[in-house]
Amino acid sequence: MEDVSDPPFRAVCKENGADLMYTEFISSEGLIRDAIKSRQKLDIFDYERPIGIQIFGGDEEAMALSAKIVSVVQPDLVDINFGCPVKKVVSKGAGAGVLKDIDLMVRLTEAVVRSTNLPVTVKTRLGWDDNSRNIEEVAERLQDTGIRALAIHGRTRSQMYKGEADWSLIAKVKNNPRMHIPIFGNGDIDSPVKAKQYKDRYGVDGIMVGRAAIGYPWIFREIKSYIETGVLIDPPTLEERVAVCKQHLVKSVEWKGPIVGINEMRRHYANYLKGLPGIKEYRNRLVTLKTTEEVLLVLDEIQEHYKGFQIERTPIELINYHEKCPV
């Protein structure tokens, strides 16, 4: 979620029901070097709380020092990323790269826990590959370091984001009588129905949503409503989609400046406008515009052109996932 889960994105997610959010992950080495981009990621706001700052790295001293730096801005918790599968992170022995050395993972976690009075949590994966799906051992050892919660993505690093996430091992961690910290499940949660069925079937303490919220922050309110009532609420109207897209754009420009703010919003338009027939022409225009005013005018044009059009809920949200989720 690098360059995605920034303050503008988190603002629209919070308004639409996200309970706990994390910053983009921050390089421990970058924080120590006082890298501008890394320091900017420490920006958090009271309306976001509870909010966690996520760090990554492969050096114990750097992780310990970065935890101290992070503590100064007073987030509600510090999260360690041992799950990012991207090559440029893994090649530095960080993120999911640490899955190849569990002893190092434990030492890194201990270093962070010792360096802050804030609660420390961890995000990780099932293992490095199919021959090392050792999350049950990893969970116990991480719990022993003093972490307060564990989020597990149901894939190995070698899978990247391919195939179907396997939540059965997440359930084994949750049902381990030795485990007492909250366990959060992550991977493939793209609808309210699936969120509830996975939560009920696998018994996790919470659900983590990532990619499905990009351009669709309403997924949080939809999931919460469905879990509480068992009824699917109406998807956002076209007017809501355009309004939140505008809000996201304006906040992005305010926080990042006009050039970066507009450029980094381009990845979001496709999802905000997904399901509108013939939208490609408008989308192609949006990703070439260079000013906020131009983008806002095109968004107004889209709203007028599709006035009264209701985007239907996608069929995947109506599937009975019980048949696809063996215990």
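A polar atom of the Asp205 side chain lies 2.8 Å from the backbone nitrogen of Ile183. The side chain of Asp205 also makes a polar contact of 2.8 Å with the side chain of Lys174; a polar contact is a pair of N or O atoms within 3.5 Å, where within protein one must be able to donate a hydrogen and the other to accept it, and residues adjacent in sequence count only if both atoms are side-chain atoms.

The model is predicted: local features need pLDDT of at least 70, side-chain atom pairs count only at pLDDT 80 or more, and totals for chains, interfaces and linings use all residues. Residues are numbered from 1 along each chain as its sequence is written, and side-chain values use heavy atoms, with hydrogens and water left out.

Asp205 sits in the loop between helix H9 (192-202) and strand S8 (206-208); helices (H or I, at least four residues) and strands (E, at least two) are DSSP runs, numbered from the N terminus. Its contacts (heavy atoms within 4.5 Å), leaving aside neighbours within four places in sequence, include Pro182 and Lys199.

| Pair | Distance |
|---|---|
| Asp205 side chain, Lys174 side chain | 2.8 Å |
| Asp205 side chain, Ile183 backbone nitrogen | 2.8 Å |
| Asp205 C-alpha, Phe184 C-alpha | 5.6 Å |

The largest nonpolar core has 84 residues, and Leu150, Leu286 and Ile302 have the most contacts inside it. Such a core is a set of buried (under 20% relative accessible area, 1.4 Å probe, protein chains only) Ala, Val, Leu, Ile, Met, Phe, Trp, Tyr and Cys residues joined through side-chain atoms within 4.5 Å.

How values were computed
Buried means under 20% relative accessible area, exposed over 50%, partly exposed in between (1.4 Å probe, protein chains only).
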